[in-house]
Amino acid sequence: RIENRSYIRFLCSFQWDTDDWVPNPCSPPCSSHQTRVVTCLQSQLGTDPIPVADIECVGYPKPLHRRICSEDQCQIRPKFRRAPPIVMPLNKSPVYNRYDLHQSIAGVQGRYLYVDAVLAQGSPPAVVQWTFSDMSYLDAGQTRGRFTVFDNGTLRITNAQFADRGIYMTTARNVAGWDLVQSPFNIYVPPNITSHKVYRSYRPNDVSPTSSSHVARPGETVAIQCRHWGSPQPTLTWTLNGIPVKFDDRVKVDTTNCLIITDFTSTDEGTYKCVATNVVGVDSKNVTVTAKSMEVKWVRVTPPCPVSCGRGSVVVSSECRSIAANTVVDDLECGEMPRPLNYRERCNTPSCPALPVRWDVGAYGACAESCRQTREVSCKQKTGDRRIRPVSQHLCRVRRKKPEEERHCSAGGVWDTSAWSECSNSCGRRIVKCVDPCRENGKGDCQSAGPKPPHRKACDEKCRE
């Protein structure tokens, strides 16, 4: 025990620190106890130690925080010899619901597990502390969750779970010293068969087998799955109608514990039972597989037509049906018969009722150099769902003459100028007029053609406009 705090910072990173015993002196001296505060400190070079959680000092024996008043003050009590405690190995202590395996302590999942801490010696009597695999600990007389440590040091685990396994440590302390023992704890789990299914036409490389029917046809490959779990790892055995299954090249078990029967025959039918066993329990599941020939045939299947009138089309397929029950069965049942090919056929071919039609006329385009303008004229029909669709133009011609798609146009006038005449004295002249080639009289409107070009030009300085 280190009492001097100034020494702690140089000794190690974490260390137990104790305060003075209180009350001091004891009163009465022979029948009361003294207590003191025990703190885990972290040393930091050059500064005072700081208190931390007790779990940081779990690797070091925790000093006693309670003791009987000194027997030196009790004149009627004889002196006795002090001796440090010695803890017996846990695998030598009485254990209830225990199974021996490699010198470890083992219990069964879901049951109580009691383990006694056996002390070979110790005077005065030692205080027992249990430290668990997560480095948490319990002193004698304490309870946390499913874990209880009784005053005599016995550990009880209620409803033991597989996650409780790990290394447990038992520590005993008294005023003369301390001792500890570490032992592995294991929790056994009875076998549990989690999945038991039958697959037909089993292929080892398939992620999902194709069927889960319990009726197999002769010649098929059948796989019976028996997934299980337990601790220790259970062993798996198979029986057929109560007799152990004989394994050969045709009947075998793969690495996933699937019983695979190749080329299934009537002699293979019956009740298959898989049994998972370990030292703490047994679990089993039954499944019956029968060999039966079913009268089946391919039947054509025509889906509903997607349209109510006009020219619709559908793809006609086929499905395998039982003749006796008239129900759809797995396609594998019809595997020996050639499957009809799918084909497409028309449906609802009658014409739809007449709906209003009309000419749809677009706007005229720009006037071309040929003095013609064109526009788009089409025949449109309104459908039952209020959509507009183009139809043949002869439907609209019956009701109304088709509007013109082309007309004569004028692009407006342009200025036309003749060649300049020869200069007479001082000025030259030419003819400037507005013309429109798209009009019969040739006269145009040049308001948008820009300013009128000059009709005279100067031959010398004396000529003016």
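**Exercise 1. Are phenylalanine 132 and tyrosine 168 buried or exposed?**

Solution. Both phenylalanine 132 and tyrosine 168 are buried (under 20% relative accessible area; exposed is over 50%, partly exposed in between; 1.4 Å probe, protein chains only).

The model is predicted: local features need pLDDT of at least 70, side-chain atom pairs count only at pLDDT 80 or more, and totals for chains, interfaces and linings use all residues. Residues are numbered from 1 along each chain as its sequence is written, and side-chain values use heavy atoms, leaving out hydrogens and water.

**Exercise 2. Find how many aromatic pairs the whole structure holds, then classify the pair of phenylalanine 132 and tyrosine 168.**

Solution. Step one: apply the rule. Rings of Phe, Tyr and Trp (its six-membered ring) pair if their centres lie within 6.5 Å; planes under 30 degrees apart count as stacked, over 60 as edge-to-face and the rest as tilted.

Step two: search. The whole structure gives six aromatic pairs.

Step three: classify. The ring centres of phenylalanine 132 and tyrosine 168 are 5.4 Å apart and the planes stand at 80°, so this pair is edge-to-face.

Phenylalanine 132 sits in the loop between β11 (127–131) and β12 (137–139), and tyrosine 168 in strand β16 (residues 166–174), so the pair ties together parts 36 residues apart in sequence. Strands (E, at least two residues) are DSSP runs, numbered from the N terminus.

Step five: widen the view. Ring pairs link Trp130, Phe132, Phe147, Tyr168 and Phe185 into a cluster.

**Exercise 3. In which order do the strands of the open sheet with β1, β3 and β4 run?**

Solution. The order is β1-β3-β4, with antiparallel pairing (two strands pair if DSSP finds at least two bridges between them). β1 (14–18) and β4 (50–52) are the edge strands, each pairing on one side only.

Definitions and conventions. Helices (H or I, at least four residues) and strands (E, at least two) are DSSP runs, numbered from the N terminus.
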